[in-house]
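The sequence and structure come first.

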Amino acid sequence: MDIGIIGAGAIANVMLKRINGDQHENLKIKSVFVRNEEKYNHLEDEFSVQLYTDFEAFLASDIDIVVEAADVAAVKARLPEVLKHKDAMLVSVGALADGGLVADLMQTAKKYDHTLHLPSGAIGGLDLLQNVQSHGELERVRLTTRKPAASLSYEVVESEKVVFEGKAADAITHFPKNMNVSVILGMAGMGIEETEVTLIADPDVDRNIHQIEIEGTFGRAEFKIENLALPENPKTSHLAAISILGTLERLNRHFRIG
Ligand SMILES: NC(=O)C1=CN([C@@H]2O[C@H](COP(=O)(O)OP(=O)(O)OC[C@H]3O[C@@H](n4cnc5c(N)ncnc54)[C@H](OP(=O)(O)O)[C@@H]3O)[C@@H](O)[C@H]2O)C=CC1
Ligand SMILES: O=C([O-])CC(=O)C(=O)O
């Protein structure tokens, strides 16, 4: 499968290393769309990719799927056009807190017969959540995220501080680079208006920790994910990049788990 990536930051870097650098047997990144060619032109030699600053030319390049690894604004600006031409996968799922955008993307994907893939990113357990939701067995979803204070720009706090408490819909508005997980949790479960979120800046942790509690008529589930961050961007967990790789690898499988 030939891949085009939007963005060339921390997540894209892991993808380039693991796919092109390690010569993945089924995947190849061919095209990378960036807005600053000079900053990223070393990638062409390092990973044998073609850089594009012209989005039309990027979309017309020889790729089967576009992976967005940029930011929420890039999703809003680019994804509606992408889905007219290609399947897509996005990691800045916080953009989908905008219901109008979701409706637009769904309609475009259907009309042009393309698929939008939403990896679970820095968390897990979304298979369970979707199963109980679709059978009316879900009553409560809570996410408690604890991140190193400095990665949330709260360098000066001396002990843990709750910096957000509310619903996922508001969490992503206040923390668009840190609360993508709350939006995918909302979409898989009770919706972003009903998903409860607490975000804690903690000067004493060195991991991005997501605690998920799910309750319903099926029973109860609890997951705790303690993520190591990517060195290039301490806000971003390594697992977010790995979840894209795993989702790409599973696309063409003839048997599926979960
Ligand atoms: N779903 C999840 O669980 C998770 C999602 N994320 C999200 O994934 C995204 C990528 O994360 P990460 O790799 O760490 O981010 P980085 O900040 O390390 O890299 C972002 C890259 O995207 C580029 N970019 C930003 N906007 C545009 C645009 N409009 N057009 C083209 N390129 C653009 C930046 O380029 P430039 O150098 O020009 O700024 C940079 O190369 C973020 O939105 C992040 O919040 C992160 C972790 C978990
Ligand atoms: O990487 C993480 O742990 C979570 C994150 O930044 C996000 O959801 O935006």
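In this predicted model, the buried residues of helix H9 pack against helix H7 (126–134), strand S7, helix H8 (168–174), strand S9 and strand S10. H9 itself spans residues 180–188. Nine of the nine residues of H9 are buried, so the helix is largely enclosed by the rest of the structure. The buried set is made up of Asn180, Val181, Ser182, Val183, Ile184, Leu185, Gly186, Met187 and Ala188. H9 lies across S7 (138–148), S9 and S10 (208–216), and it runs at about 170° to S7.

**The sheet**

S7, S9 and S10 belong to an open sheet of five strands in the order S8-S9-S7-S10-S11, with mixed pairing. Its edge strands are S8 (161–167) and S11 (219–227), each of which pairs on one side only. From one strand to the next the twist averages 10°. S8 pairs with S9 (residues 196–202) in the antiparallel sense, over six bridges. Phe164 stands opposite Leu199 in S9.

**Annotated positions**

Which residues does UniProt cover with the annotation "binding site"? The unreviewed entry gives Ala122 and Asn180. They are spread over 59 residues of sequence yet cluster in space, with a largest C-alpha distance of 8.7 Å. The feature "active site", also from an unreviewed UniProt entry, is placed at His210.

| Residue | Location | C-beta atoms within 10 Å |
|---|---|---|
| Ala122 | loop between S6 and H7 | 24 |
| Asn180 | helix H9 | 27 |
| His210 | strand S10 | 25 |

Is Asn180 buried or exposed? A residue counts as buried if 20 or more other C-beta atoms lie within 10 Å of its own. Asn180 has 27 such atoms and is therefore buried. Ala122 counts as buried because it has 24 C-beta neighbours inside 10 Å. His210 has 25 other C-beta atoms within 10 Å, so His210 is buried too.

The contacts of these residues, leaving aside neighbours up to four places away in sequence, run as follows. Asn180 is in contact with Ser92, Val93, Gly94, Gly121 and Ile172. Ala122, in the loop between strand S6 (116–117) and H7, touches Val181, Asn208, His210, Asn227, Ser237, Leu239 and Ala240. The residues that His210 touches are Ala122, Ile123, Leu143, Thr145, Val181 and Ile225.

**Domains**

The domain assignment of the protein chain gives domain 1 (2–118 + 240–250) and domain 2 (126–227). Taken over C-alpha atoms, their centres are 25 Å apart. How many residues does each domain bring to the contact? Domain 1 supplies seven residues and domain 2 supplies nine residues. On the side of domain 1 that touches domain 2, five residues are nonpolar, two are polar and none is charged.

Definitions and conventions. Residues are numbered from 1 along each chain as its sequence is written. Chains are lettered from A and ligands numbered from 1 in the order in which they are written. This is a predicted model: local features need pLDDT of at least 70, side-chain atom pairs count only at pLDDT 80 or more; totals for chains, interfaces and linings use all residues. Two strands pair if DSSP finds at least two bridges between them. Helices (H or I, at least four residues) and strands (E, at least two) are DSSP runs, numbered from the N terminus. Axes are lines fitted to C-alpha atoms, for helices over the stretch in contact, and angles run from 0 to 180 degrees between N-to-C directions. Two residues are in contact if their C-beta atoms, placed from the backbone, lie within 7 Å. Domain bounds come from an automatic or database domain assignment. Ala, Val, Leu, Ile, Met, Phe, Trp, Tyr, Cys and Pro count as nonpolar, Asp, Glu, Lys and Arg as charged, and the others, Gly among them, as polar. UniProt positions are given in the numbering used here, feature names are shortened, and annotations may be inferred rather than shown by experiment. A residue is buried if 20 or more other C-beta atoms lie within 10 Å of its own, exposed if 12 or fewer, and partly exposed in between; C-beta atoms are placed from the backbone.
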